[in-house]
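The sequence and the structure are shown first, and selected features follow.

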Amino acid sequence: MSDQEQHPHSHPQRIHSVPVIPNKRATPRFSKNTRTIFSYLSILVGSFFIAASFNLFLLPNQIASGGVSGISVILNSLAGIAPAYMQWALNIPLFIAGFLVLGRHFGFKTAVGTVMLPLFVLLTSHWDPPTREPLLGALYGGLGVGLGLGIVFRGRGSTGGLDVAAQIVHRVFDIRLGLAVAMLDGLVILSAGLFISLENALYALIGLFATSKTIDIIQTGLQTSKAAFIISRNPERVSSAILHELDRGLTRLQGVGGYTGDDRPVLLAVVGQNEVVRLKLLVRDADPDAFIIITNAAEVLGEGFHDERLL
């Protein structure tokens, strides 16, 4: 990224601003109404995927992989209570408690997810499971739930449940949110091991792992870019090679040598995974003594990379 500064034309009495030329490649933003519709559609579609995965894979194989759905699996196994009704019975009080403790910003979207997910669970409860193998059920169920949750999160929504309880614990007891979520899910999986079987607890952990990884993929995509930090005594030559031969932008950061105390520019360049080898060769040709750090960049948005129309 070359730094081209535009200075306003000066005048003894006043300053005239330079007109801004619109970027033709800029991604247009959707209207507020379109974003709202997309958000609610995401909650509905995601909730459907979660409910279908629950009834096709998790419930038939007694996989209680955390959350309110996991509690409903345990209670269904012990007392034969229909999961959809148990999820409503737990979700609605949790939502009310969240509204009282967390405030109005808690959101109408969470209310939609809280009501619609158990409804979809009820509507798909008659579907026949494609497998009775617990390991396959845990993997496929975890993937499906992760897909659904990823879609819900992309729409900036929530399905309520123990996530609400975790936020309440976080607010009241000042416990980190991630730790609160892990504690509550861990209690559900531990209960599954005690009341169903130890094997079930292991399968639940596998399903939970598959869910978390799938959510990451839905959120950040499959493409992995690389961020390269380059420390060189010849930053101009390295910059020119990256800008003109690799055709990638870069940013110059200000660094200071820890031993010498000298100013040492740090060049930051983000490239595609297939460009890493060429980048290293170009840097080595420009400065054989350059110090290069290459790390993963999970998601890169902007010119030359994934051009996503954020809603």
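## Salt bridges

The structure shown is a predicted model. A search across the whole of this model finds two salt bridges.

One of them joins the side chains of Glu236 and Arg252, with an N to O distance of 3.0 Å. Glu236 belongs to helix 9 (residues 235-245) and Arg252 to strand 2 (residues 251-253), so this pair ties together parts that are 16 residues apart in sequence. Glu236 counts as exposed because its relative accessibility is 53%, over the 50% cut-off. Arg252, with a relative accessible area of 38%, is partly exposed.

In the other salt bridge, the side chains of Arg248 and Glu275 meet at 3.1 Å, N to O. This pair links distant parts of the chain, 27 residues apart: Arg248 is in the loop between helix 9 and strand 2, while Glu275 is in the loop between strand 3 (266-271) and helix 10 (276-286). Both Arg248 and Glu275 are buried.

## Packing of helix 3 against helix 4

Helix 3 packs with helix 4 (residues 108-123) at an angle of about 170°, and the axes of the two helices are 8 Å apart. Helix 3 is therefore roughly antiparallel to helix 4, a description that applies to angles over 145 degrees.

Residues from both helices make the contact. On the side of helix 3, these are Pro83, Ala84, Tyr85, Gln87, Trp88, Asn91, Ile92 and Phe95. Helix 4 contributes Thr110, Ala111, Thr114, Val115, Leu117, Pro118, Leu119, Val121 and Leu122.

## A nonpolar surface patch

Helix 3 gives the most to the patch, with five residues.

Is Ile96 buried, partly exposed or exposed? With 46% relative accessibility, Ile96 counts as partly exposed, because that class covers values between 20% and 50%.

Technical notes:
Residues numbered from 1 in each chain as written. Predicted model: local features only at pLDDT ≥ 70, side-chain atom pairs only at ≥ 80, totals over all residues. Heavy atoms only, no water. Helix = DSSP H or I, 4+ residues; strand = E, 2+ residues; numbered from the N terminus. Buried < 20%, exposed > 50% of the residue type's maximum accessible area, 1.4 Å probe, protein only. Axes fitted to C-alpha atoms, helices over the stretch in contact; angles between N-to-C directions. Parallel < 35°, antiparallel > 145°, perpendicular 65-115°, else oblique. Contact = heavy atoms within 4.5 Å. Salt bridge = Lys/Arg side-chain N within 4 Å of Asp/Glu carboxyl O.
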